[in-house]
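Here's a quick tour of how the parts of a protein structure meet one another. Have a look at the picture first, then work through the points below.

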Amino acid sequence: MATHAEAAEHHHGPPVANQSSRVDSRVLGMFLFIASEVMLFGAFFTAYFFVRVVAGSPWPEPPFHLPVFVAGVNTAILVTSSFTIHWALQSIKRDNRAGLQAGLVLTLALGIVFLLTQVREYSRVGFNPGDGAFGTIFYGLTGLHGAHVFVGLTLLTFASIRAFRGHFSAAHHHGVEIPGIYWHFVDVMWIVVYVTIYIL
Amino acid sequence: MSHVTGTSVHVETGHGHGPPPRARHWALRAGWVRAAWMTGFFFLLGLGIVVFFRWLGGYDPTLDWEPVIVVAGLTMAPLGFLAGLGGFDYWVSYALGSPTRPEDHSGHGAYTWRDYFRVNTDHKVIGIQYVSSTVFFFLAGGLMAMLVRAELARPETEFFDTQTYNELFSVHASLMIFLFIIPAFAGLANYVLPLMIGAPDMAFPRLNALSFWLLPIAGIMLLASFFFPGVGAGWTNYPPLSTEQPFGNVFFSMAVQWAGASSIMTALNFLVTIITMRAPGMTFWRMPLLVWANFTTSLLVVIATPFIAGSQFFVMFDKVMHTNFFDPGENGYALGYQHIFWFYSHPAVYIMMLPGFGIASEVISTFSRKPIFGYRLMALSLMAILVLGFSVWAHHMFVSGMATYLRVPMMVTTLLIAIPTGIKVFSWLATLWEGRLHFSAPMLWALGFVSMFVIGGLSGVMLGAVPIDIHVSDTYFIVAHIHYVLLGGSLFTIFAGIYYWFPKMTGRMYNERLAKIHFWLTLVSFNATFFPMHLIGVQGMPRRVATYEPQFGDWNLFISLSSFVLGASFMIFVYNVIVSWKSGPPAPANPWRGMTIEWLVSSPPPVFNFDEVPQVVGNPYEYGVKGARHAILNGDRAAAELEPVRST
Amino acid sequence: MRRGAIVALVSIALVVAAVTTAIAYFVDWLPEQASEERQGIDLVFWVTVAICIFFFAIVASVSIYAAVKFRVRPDDESDGAPIHGHTGIEIVWTLVPTICVVVIAVLSAIVLAQNDKPKGDPLRVDVLAQQFAWQFTYPEEGEVRATNLYLPVDRSTRLVISARDVLHSFWVPEFGQKQDAVPGIVTTLIVTPTKTGDYRLICTELCGQGHALMRTRAIVLSQPEFARWLREQQQGPAEPPPGGEVDAQGTFVQTCGGCHELEQAGTSGQIGPSLNELALDPADVEEQIRKGGGGMPAFENDLSEAQIEALVQYLVGDDA
Ligand code: HEA
Ligand code: HEA
Ligand code: CUA
Ligand SMILES: [Cu+2]
């Protein structure tokens, strides 16, 4: 509270706000942001639902095929990356910087592999977004998810840069924890997308 | 998002000021110069991205202007503008691990008018930025309404061709909704909400600044969509008509994205602020109703707004990338858009009303000198409206051809909303009972709101009954409903709020006589303009038409003339605000003898709101209770020491 | 509450209710009633209006009474009575609206169910909406086609509605029934006219430039007259005998006149350009008729070769 008294005396800053909840404001902010992201996916899933109801026929529609297996491998890759980011966070909580750096780099690598596989899938899948509502919704959902992977990777890149420049400690690791939460969300979302598009 | 740091944490970790800002070359310093060149630079960057990917994918032609405009013009260039203005400076240095200057709030306060034209993290400055720019967009949208009315004065087409007319009312409505009502509420709350809960600022001040600066971008894009042409599909932008519009339609879609992003970020900020930064003693059941109202509204925004983002993405993709979300020829489903759109846009009407309910509660209680009647039920009915609001979207689609079995359940939920809303209306009336009513301008607007909103709400109940809606859907009856709830409802509460907090925000009193003239002129001309619309609607005049049957000519002439008076009445407001802000008499800290916390500090409040976090000791509306107080400010000692800050 | 206050409140409420009821009663709100469905709609309308008047009167009387009675001078510094609530009255003003809402909902649901059901054996009419014209086909009567909607009185009609390009909406105010036309799906609407006459048929869903002008007539004939009209159409020029003459002017009036002004044919449509001083060569006119464009639908599939030829001849033949 020393800082605060000083601030009040010299009018250098506002008084310390009262903390009226045990939740950390940044973590709460991230959860709310994720709630709205879930709803954005919800809008796309609604569109998917309509496409599927209108199509009525077997899914994917007859001329189309989906590489279920490759996408399954990709799913495994992304799920693994959830564990590596968790490991990175656990490491820094124990002040293990090497573990943090390794975990972050591994996660980044897995994420990039996932994205590249997806790009490859796009180029081989044999139809494009303009090919009927089926093509549209396939690219719409996977593309939306891909964009989220990209955002997640960007956040993780920032965290890695900071990790390598010596930031974060057992006491201060929000900069890893929060992108980590986002990354878990991206993973879970992928499982939902995968199950609806490829399997159901 | 994750790099934003809460105020509380800054002060704990940030020792002193950090390194002084490096003196940079003037072209590199955050500001308008850098914004100008970075806008151009980012545009070129976007252009490069598009060309690169088209080249990679082997598309022909490599340089196609449509994707270039979407990516470079409507996405990258605005980002460049924000970056240039300094919206991202902190996060960029944070992300790169460079030394950051913790938020020491040295950017707080506004000392000259120029301070309003930079990225300022002070919630009070942001509040004023919000309110002034939204009033500007209100005037622009109003001007378009005047043109609409000029055209409709006679049955034939007089001034505009039919496409231009379609664009006029589309831009009119979109400006009013996305750039006036929604952000004006956000602006007022930005100013008073942290004060009301005893917080020194919002939880994420930088995010707050960024949310504001998205608005001018959205506004300019929306106006551009009018000149670019292409928004002629109504504010609802239903496909397939919207995908058939000229290219300017993507300006509309992107403007909605920017405005939507701004709303979501602000809502997130409000929620975190309300949850984590309330003053000691302020339990949820001691929060002023304005705070409750913004809490529920923000929940609505966070949950619903992504749906309109989705709907506009779909339309834009169908247009630019030739996808088939809504193209029936390719198995798309045209009605899908309407479901997704209204899943946002019905809750959106409550986003446009609940903060107004909050303002009305504050004003009515203060000027009746009585506690709000049934405080808890007032808060709970807000929550009930929130929940029900998500289950009624299809009442905009009763005649759309959707599955018929949806109609009766949606009708029932729609009608049920009348109950919590009724509770609110009756509680306001009960608050007046045995009160000591002072009819100052804010109170006039608040009571005007109650009566006009009841008319609009009752016509809403009529629309909720499916057989009536089948007859009057898409007629002027709807136009009447829209304006009774939005103009008589939301707009009236915005004026109540502006007049109520004008002394607090500017440190000056407005001219009470002019404010009253403004109110009465608006009230009368508003009713003269919009009440007859019920009649011509029921009798068979459809909406969104530039020409109509001669039998409606007389009424329309009358409506148009009244609407010009209505337009003129707002000029009184503009004059009053400008003159009073410049040279009105100085305002005392608490001109209305209000009890909530914002009235405990000077007008305008000190840069950091409080020297000492206030201690909340009671309910917010204990008027008439002997010795009751809502909050105490450190024995009032600090208040004397605080240096007043001029905002102009 | 004092007795005086209650008396005052009730009297203000009665005055307000009387005034609003007078406005409801003496102003001609609803257009002429010309269908059975409208009867149900009107019933719901008036019941709901009555409920609305009831609540409006309450709100008005309390606010007026409070404004007059509890107003104080600006310098009055006293506070009101610290009333925080009253559970009993809160229950009342939750329950009463609930009951009213249930009444509206139940009544609406009944009327809706009735209006969705045709009475007896309905006449089927296919409605095709396109920018910016209506086309009506009577599939059970030998594919008779018309641009006005002809209906027999006192017989239910099932309108089967589809759209060619964008959303449109079918509405005849005197029938009260309304239904969107949606590309890709087929919607239906039941109308049972009860009065002969000539009514407006309006497109009420924004469909582009010509939306305001996308209008035609709904003509209700007595049953014998309707039968005669059908017979005329069945024998008439719809499908010209091979080699026979096509009635170019008739075709023009029926198909094109809604959009185009042409003195020769006596049409005055305002959606497309006037064709009085047409400066195009026959090939362009034919192209325009076949492919449409710029807001005009394509007629390749709707008109026979002979009809198209005759139209071109009719429009530019003489000058060429
Ligand atoms: C601020 C914005 C706002 C608000 C608050 C509302 C509130 C309501 N609206 Fe409205 N509405 C719009 C803005 C709003 N609306 C807009 C912009 C459109 C047009 C969109 C477009 O197509 O462009 C629209 C359209 C619209 C439609 C679609 C019409 C159509 O296109 O065919 C319907 C149908 O059900 C409807 C119903 C209602 C209802 C039941 C309420 C209820 O919430 C009202 C509740 C309030 C009261 C009822 C009054 C007070 C209560 C009492 C005094 C208690 C007792 C009363 C009874 C029991 C009757 N609205
Ligand atoms: C908050 C919302 C809001 C507000 C405040 C208004 C305000 C007004 N509206 Fe609007 N309106 C809508 C929301 C709103 N409207 C919506 C959602 C629609 C549906 C659109 C659709 O169908 O898609 C609509 C549609 C609509 C129509 C129907 C168009 C049609 O269907 O064909 C009409 C017609 O009369 C109309 C009129 C007016 C008028 C006269 C005002 C007046 O209150 C305006 C007051 C005038 C001023 C404020 C102007 C003052 C300024 C000047 C005189 C000039 C100076 C200006 C500068 C220097 C910049 N509106
Ligand atoms: Cu067709 Cu409007
Ligand atoms: Cu609604």
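Let's start with chain C, which is split into domain 1 (3-68 + 87-115), domain 2 (123-234) and domain 3 (248-319). Keep in mind that this is a predicted model.

**Inside chain C: domain 2 and domain 3**

- On the domain 2 side of chain C, 12 residues take part in the contact, and domain 3 of chain C brings 8 residues.
- Together, domain 2 and domain 3 of chain C bury about 840 Å², with 46% of that coming from carbon and sulfur atoms.
- If you go looking for salt bridges between domain 2 and domain 3 of chain C, the count is 0.
- Sort the residues on the side of domain 2 of chain C that touches domain 3 by class, and you get 4 nonpolar, 6 polar and 2 charged.

**Between chains: how much of B and C meets**

- For chain B and chain C, the buried area is about 7000 Å², and 70% of it is on carbon and sulfur atoms.
- In chain B, the residues that lose the most area to chain C are B:Phe426, B:Trp433 and B:His471, which together make up 10% of what that side buries.
- As for head count, chain B puts 88 residues into the contact and chain C puts in 82 residues.

**Between chains: what holds hands with what**

- How many salt bridges are there between chain B and chain C? The count is 4.
- One salt bridge pairs B:Arg369 with C:Asp79, and their closest N and O atoms are 3.0 Å apart.
- Chain B and chain C also have 24 residue pairs in polar contact (both at pLDDT 80 or more).
- Helix α15 (residues 418-432) of chain B gives the largest share of the side that touches chain C, with 9 residues.
- By class, that side of chain B has 52 nonpolar, 23 polar and 13 charged residues.

Note on methods
Residues numbered from 1 in each chain as written. Chains lettered and ligands numbered in written order. Predicted model: local features only at pLDDT ≥ 70, side-chain atom pairs only at ≥ 80, totals over all residues. Heavy atoms only, no water. Contact = heavy atoms within 4.5 Å. Buried area = accessible area lost by both parts, 1.4 Å probe. Salt bridge = Lys/Arg side-chain N within 4 Å of Asp/Glu carboxyl O. Polar contact = N/O pair within 3.5 Å; in protein donor to acceptor, adjacent residues only side chain to side chain. Helix = DSSP H or I, 4+ residues; strand = E, 2+ residues; numbered from the N terminus. Nonpolar A, V, L, I, M, F, W, Y, C, P; charged D, E, K, R; others polar. Domains from an automatic or database assignment.
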